Amino acid sequence: MPRHRAPRAQGGSSSSSAAAGSAGMQSSSPRSTSDTPDISSDDSGSDFEKTLRLRGKRGSRQGPALPQASKRPRSREPGADGSSPEQTSLFEAVKSAKVAVETVVDEWLETYKQDQETGFLELANFIVRSCGCRGVVTPEMFRNLQNSEIIQQLTEKFEEDSAGYPLSLSTQLWRRFRAGFCELLAVLVQRCQYSIVYDEFLMDSLISLLIGLSDSQVRAFRHTSTLAAMKLMTALVNVALAVRRHQENNRRQFEAERGKDLGRRAAEKLEALLEKRRELQEQQEEMENMMNAIFKGVFVHRYRDVVPEIRAICMEELGTWMRSYTASFLTDSYLKYVGWTLHDKQREVRMQCVKALQGLYRNRDTAAHMELFTSRFKPRMVAMVLDKDTDVAVQAVKLLTLMLENMEEALTEEDCQSVYPMVYVSSRALASAAGLFLYRRLLDPRHEADEEATGSGDNRVFFRLLLTFFIESELHEHAAYLVDSLWDCAGPRLRDWDTVSAFLLEESPSEGLSDRQEKALVEILAASVVQAAEGEPPPGRVPSRKPSAQERKAQAKERSRLSHCLIPVLPQLLAKFSADAEKAAPLLETLRRCDLSVYCTGRLEKHLELLLAQLQEVVEKHTEPAVLEAASRALHALCDPELALHGRGDLARSRLADQLADKCRQDVAELLQAASLEEEELYSMAATLKRISILFNAHDLTPWQLFEPCAQLLQRAVDTGEVPSQVLVPTISCLAFHILWDLSHLPSTDVPEEPLRRLQTRAASFCSLCQSCLSDADAGVREQAFMALADLLVVLGPRLRRDGREALAPLELRPDTELQSLLAGFLLDHVFSPGGACDELEAADDSESRVCELNRRRVLLAAYCKLVLYGVLELHAASDVAKHYDKFYSDYGDIIKETLSSIRHIDPQKWAQILLLSLQQLMSELLLTQGPEIQATEGFLEIRDLARRFSLFFNLHPIQHRPELLHLHWEGLQFALGPPGQASAPQTLPFLEVLSEFSPRLLPPDRARLLLHLERLCRERWLRRGDPDSCPPVAVYRQSLHPPDKDEGGSLAPRGPRPRPPTATPAKRPRLHESPSSALPTPLPSPTLASTGLRRPGFSRSSSSVSLWHSRMSRLSLMVEEEEEEEEGGQEESSEGVPEQDKDRLCDLFDSTTLGIEDA
């Protein structure tokens, strides 16, 4: 036997840590309390073939001969790269995928049977070529060199400048090659399982080669050889299973023969069965030795490799082994690797661990053998439902569901309480998985003792359990998210409309529902109707995919069914719950989701009349906006002209409008004539106006001529201030809707003069009245006037003439200077006031009140920004908003950022001017309040922080916005240095420090240009050339314009990006974990390790470099801006997966930054 080939290792090999670590989870071992592997164990050996046990040659056993089909010899042509055809034929065949893998393997077997060495070299070179290496293992190398020497020569020939290797490429060609690569190894072992696999040459040599390659510092070698070794191990596990089955069959045959009478017993057959048993036992030992060699030589080292793909491969295949060969692999000695790797910081590794565990917990028999593992790692599995990666969290919830089904006592109530809140998360996949868990745990009536016999009774139990969970959990107020989470698993139960409606109409005191339960069930019913009729998830959840044609057809069928079930009972439900606004509003919303044509096709006109009567009663009873808006939308749906019975809806609307209009005119007349009104009369007037204003939003009520009485009422309020706010707010809404409906009646061309003049007069008078209301003492009146005025200015603004509507030009409204000042002042007083700060809002007692107040202010700010973007106000008016970007970033940052981004698309030059104008305004205000000495004040630091935040806008597209940035510096210098001819420094000179925040975004040619411009301005103004120390702001700005690698006497170090230090090799170095120390210029020393197991390389940094870094970071510690996150997001995926406090506990097991040889 050649000296390069060594036999396989025995299970007691001392060089591998698997033997030492295999008992780590045994119940009798005191070390079983640790969930992390011992890094200092003896499994860090790098050359596994030196540990293989030498043994004598024995005769090759011949298994049952495989039927061989005669095949045509392969034609071999020289390779294009000069390599021999034997070295490239397998690779090209797998890459092209034109020939079946079974055929390729059969042809290779013919070569191997003719010459073992030639056949193995072809297979070895196929693996080397699959690594992306152009090197070749020659017969001379194979005979005379050890594996480590062969790999060293291949490494020297490896093209390290190549962009990637086959397994790292994601194109369709190479994905197909990876599948063919894995399939070839599996088929090869399958074809050789009866004889060649035991010839003590092929498997020994192949395993030894893969072990050596997997220990290489070259990532391509490690990745490819690990995949090959793991797939080879999986194929050997299947062979071992077959051998185990043969042993069992042999045992049964032997026992049956031995149990016969002496006269019928065949001695020759017993002898043959005994010989077969010995042969199968030897084969089993061979399999175990080969599997043990691969596990200890490859898996034990590579499951903690620095490359996450390699770790994921190991975990995936380990799960396959434990599922397939439970007798050998479903032990704590192997399960511990999965448990440790659950803490991995890369999502794909954690994902494979969870999927491996799913395969084990899916079977009740295998789950019964995992009690110790479950008790040890259950806290981690439960905690993974909060994994930062949604896909991993989804699989973790599915894993807990399998544990719930197959290990009843494994999960405690406390563990389940960690999963229940997931039904309300924004991710629909995670919510659906949690919904299934909830259904299996609490809502499945089959597990309840009081299960009723009928299907209807079963659903009643389900709804009672669901109501109990929804009410007692108090996790969320919106049932739509709970229904959406349960839709996939409990959809048929939720669509039992008859049971729900009967439940709600139940009057029995014993079986009926409480008021709270009725309210919750009405919400669940409304959410279920929306889900069934439209198939749209609630706000914040994105559907996983678009519905297919078949699903849309089923959805239409379900909508028709629910319409036939609910439309007859809706009048009864409204009659019972019409007095309760919280129940009436959802019921009215369900009407809009029904197929209203059923009223005609199903001959349900009587139910339509009852519904319209109940709807009018609801409007007359309530003044809450929610129920009135629901009634208005329901009435609008019934008045749709496409409905055959829409005339009945129009008649009901006319009756309601007549009643409300008469009441409104009467109340207004009484108010205008009387000196004062009673409280009841004011309440009645306010209720009537609320109903009219909400109906006006969806229905055209202009025929009832309500503009004049409402205008008189508003004029009375402006003149005397005697009209209460609860009357004024709906009055302003009615007037605004009246004007908009009048505008919609005008044609685009040939507009009649009289309606145009009347509408012009009404719009002008209404704007004047709203302008007066902006200073009202009541906040509701002020905000309603501001919103109505903003909407009207947008509708009747410069865009009115577009789309061929030039005839409506007389209606255009242009805010004068006074109105523009009022709008800006309103924003400053009621949006950016000190009370609008986040700290002030947090001081309120009620959290819901804080949210509502903040939401109102955000709406006001959005309305003002809309005036700017639609051209009603000049673009520079956005400076009144932009100067608050930093101070109110947590409250309004998204609105202000989107406004500035939109302005940048409209006019980039104006956008840069707005940024500069905002800073100049803040500087001028600070000088007026603080005086000339402002550099040490907090206000000046806030201005610099705002400038730094503004500068981040130039990060993503520095070339595109180069002119704007240069113009900003140019104009900023003019403002800071003041007009020429000054004898002393101007008060605005500190603005240069603010301007320096934009300097890191400048390109080098612009820096030099601005330096010359600065020197010229200093000479023209007042500063002597070459004397920067006499004026610190000038020195700071001059220093900021120097290139990043220079430090010429400025007080501030440059803050541009530092060039990377040169590396010793062209190979890519791994990025350090993102922390302040990652930007240190000190390079990591090139490691000289023989193995890629985790070892800490020497790393030291001088104290001077650290102090220099902290001095440079003194002004760069501002919070990370969204633009920086977007810029870095495309470069590298976040690698956080382990909490910071757990890193020491895990012994840095998966910290890839501790090793600098990922691609060495």
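Residues are numbered from 1 along each chain as its sequence is written, and side-chain values use heavy atoms, with hydrogens and water left out. The protein has 48 helices and 0 strands; these are DSSP runs numbered from the N terminus, with helices being H or I of at least four residues and strands being E of at least two.

**The protein as a whole**

- Of its 1160 residues, 51% count as buried (under 20% relative accessible area; exposed is over 50%, partly exposed is in between, with a 1.4 Å probe and protein chains only).
- Take the contacts (heavy atoms within 4.5 Å) with a separation of 6 or more: 75% of them join residues 24 or more positions apart.

- The average pLDDT (the predictor's confidence in each residue, from 0 to 100) is 80, and 78% of the residues score at least 70.
- Residues 1-87 have a pLDDT below 50, and this stretch has 179 contacts in the model beyond near neighbours in sequence.
- Residues 836-841 are also below 50, with 16 contacts beyond near neighbours in sequence.
- Where pLDDT is low, the predicted coordinates should not be read in detail.

**Empty spaces**

- Rolling a probe the size of a water molecule over the atoms shows where empty space is left.
- The search runs on a 1 Å grid over the protein atoms alone: a cavity is a set of points where a 1.4 Å probe fits but cannot get out, a pocket is an open set with protein on both sides within 12 Å along at least five of seven lines, and lining residues have an atom within 4 Å of a point.
- Grid points are joined across faces, edges and corners, and a volume is the space filled by probe spheres set on the points.
- By this rule there are 8 cavities of 30 Å³ or more.
- The second largest cavity holds about 80 Å³ of space. Its lining counts 11 residues, with Phe120, Phe142, Asn147, Ile150 and Leu209 nearest the centre.
- Helices H4 (116-130), H6 (147-156) and H8 (202-214) each supply at least two residues of that cavity's lining.
- By type, the cavity lining splits into 7 nonpolar, 4 polar and no charged residues (nonpolar: Ala, Val, Leu, Ile, Met, Phe, Trp, Tyr, Cys and Pro; charged: Asp, Glu, Lys and Arg; polar: the others, Gly among them).
- The second largest pocket has a volume of about 1000 Å³. Its lining has 33 residues, and Glu477, His478, Ala479, Glu523 and Pro586 are the closest to its centre.
- Among the helices that give at least two residues to this pocket's lining are H20 (455-473) and H26 (581-593), while H23 gives the most, with 8 residues.
- The lining of the second largest pocket divides into 18 nonpolar, 4 polar and 11 charged residues.

**Residues to click on**

- Val419 sits in the loop between helix H18 (413-417) and helix H19 (428-443). Val419 counts as buried because its relative accessibility is 1%.
- Leaving out residues up to four places away in sequence, Val419 touches Val385, Val397, Leu400, Ala434 and Phe437.
- Asp1006 belongs to helix H45 (residues 1004-1020), and at 3% relative accessibility it is buried. Beyond four places in sequence, Asp1006 is in contact with Arg962 and Leu966.
- Arg258 is in helix H9 (residues 219-258) and is partly exposed, at 43% relative accessible area. Arg258 contacts Arg265 and Leu270, leaving aside neighbours within four places in sequence.

**Two positive phi values**

- Most residues other than glycine have a negative phi.
- Ala97, in the loop between helix H2 (85-96) and helix H3 (101-114), has a positive phi near 55°.
- Gln705, in the loop between helix H31 (679-698) and helix H32 (707-720), has a positive phi near 50°.
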